Every structure is written in structure tokens, then in C-alpha cells.
Amino acid sequence: MQFCDDCGSMMRNEDGVMVCTNCGATQARDEEAAEQFVSTESQTDADVIESDPDANFEGKPTSTDVTCDECGHGEAWYTIKQTASADEPPTRFFKCKECGYRWREYS
Ligand SMILES: [Zn+2]
Ligand SMILES: [Zn+2]
């Protein structure tokens, strides 16, 4: 884990450069953090997917069998991700078409 020198927020790795999730400052990746990232990579898939701000739901299939917790809307885009080992059920990720709220559901 690496923290921003400017504001102290957590930084994330983007193509080998650490970028502050708060203020956008960049730093060279420190080697200790790099090793930890590699060794835990296989266990962090779910977190990476869930927090990915670029996840694009538009154009994905629509489910009308849902209710948004935020606004009560009944339509959401969804994607299905196999986040754990293959013998566990996949996780469905939803994004409300009305307010953009995201959630996930274990089937
Ligand atoms: Zn910062
Ligand atoms: Zn909503």
C-alpha cells in the first residue's frame, strides 16, 4: 500500500505509476508495494472490478427483475463476473438506469 505525499490518500497502480485516488498526484511505484501487489493479485479481482470507475455498463443487457435500493427504479444494466474459483457461482453487478447506483448480487 502506498500513500500520497501531498494529501495522504491511498494511491493505486496505473501502468506502473502510482496515482493518488484523491488529488491525482503521481509517484514512482515503490518496490515493496509492488511485491505485495503481485503476491495478492489473484485475491483482489472482486475489489478491482467493483471499484473500477471505468466499468462501462451502458450497452450491457438490461434486467427488469431488480429494484434499485437508492431510487426504487426497476431497470438496471448488469454484467456477470466470475470473481472466485470456477466452482463458486458468479457475481452479478448491476447499475441502476435511473440514478446510476451500483450494487452486486451473489447468485
Ligand atoms: Zn493526493
Ligand atoms: Zn436508482
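**Entry 1. Terms and model**

I began with pairing: two strands pair if DSSP finds at least two bridges between them. Helices (H or I, at least four residues) and strands (E, at least two) are DSSP runs, numbered from the N terminus. I noted that this is a predicted model, in which local features need pLDDT of at least 70 and side-chain atom pairs count only at pLDDT 80 or more, while totals for chains, interfaces and linings use all residues. Residues are numbered from 1 along each chain as its sequence is written, and chains are lettered from A and ligands numbered from 1 in the order in which they are written.

**Entry 2. Confidence**

I looked up pLDDT, the predictor's confidence in each residue, from 0 to 100. The chain has a mean pLDDT of 79, and 74% of its residues reach 70 or more. Over residues 39–51 the pLDDT is below 50, and this stretch has 5 contacts in the model beyond near neighbours in sequence. A contact here means that the C-beta atoms of two residues, placed from the backbone, lie within 7 Å. Where pLDDT is low, the predicted coordinates should not be read in detail.

**Entry 3. The sheet of three strands**

I traced an open sheet of 3 strands in the order β1-β2-β3, with antiparallel pairing. Its edges are β1 and β3 (26–28); each has a single partner strand, so one side of each is left without a neighbour in the sheet. The twist averages 35° from one strand to the next; the angles are taken between N-to-C directions of axes, which are lines fitted to C-alpha atoms, and run from 0 to 180 degrees.

I then followed β1 and β2, which are joined by 4 bridges in the antiparallel sense. Glu 14 has Val 17 in β2 as its bridge partner. Asp 15 lies in the loop between β1 (11–14) and β2 (17–20). Although Asp 15 is not a glycine, its phi is positive, about 55°. Is Asp 15 buried or exposed? Asp 15 is exposed, with 6 other C-beta atoms within 10 Å. For this term, C-beta atoms are placed from the backbone, and a residue is buried if 20 or more others lie within 10 Å of its own, exposed if 12 or fewer, and partly exposed in between.

**Entry 4. The sheet of four strands**

I found another open sheet, of 4 strands in the order β4-β5-β6-β7, again with antiparallel pairing. At its edges stand β4 and β7, each with a single partner strand, so one side of each is left without a neighbour in the sheet.

Between β5 (residues 76–81) and β6 (residues 91–96) I noted 6 bridges, and Lys 81 is partnered by Thr 91 in β6. From β6 to β7 (residues 102–106) there are 5 bridges. Here Lys 95 stands opposite Arg 102, and Phe 93 has Arg 104 as its bridge partner. The hairpin of β6 and β7 has 5 residues between the strands, and Gly 100 there takes a positive phi near 85°.

**Entry 5. The core and a loop**

Which residues make up the largest nonpolar core? They are Cys 68, Ala 76, Trp 77, Phe 93, Phe 94 and Cys 96. Such a core is a set of buried Ala, Val, Leu, Ile, Met, Phe, Trp, Tyr and Cys residues joined through C-beta atoms within 7 Å. β5 and β6 are the elements that give two or more residues to this core, and β6 gives the most, with 3 residues. Leaving aside neighbours within four places in sequence, I listed contacts of Cys 68, including Ala 76, Cys 96 and Tyr 101.

Lastly, I located Gly 72 in the loop between β4 (62–63) and β5. Gly 72 is exposed, with 10 other C-beta atoms within 10 Å. Gly 72 and Glu 98 are 26 residues apart in sequence, and their C-alpha atoms are 9.0 Å apart in space.
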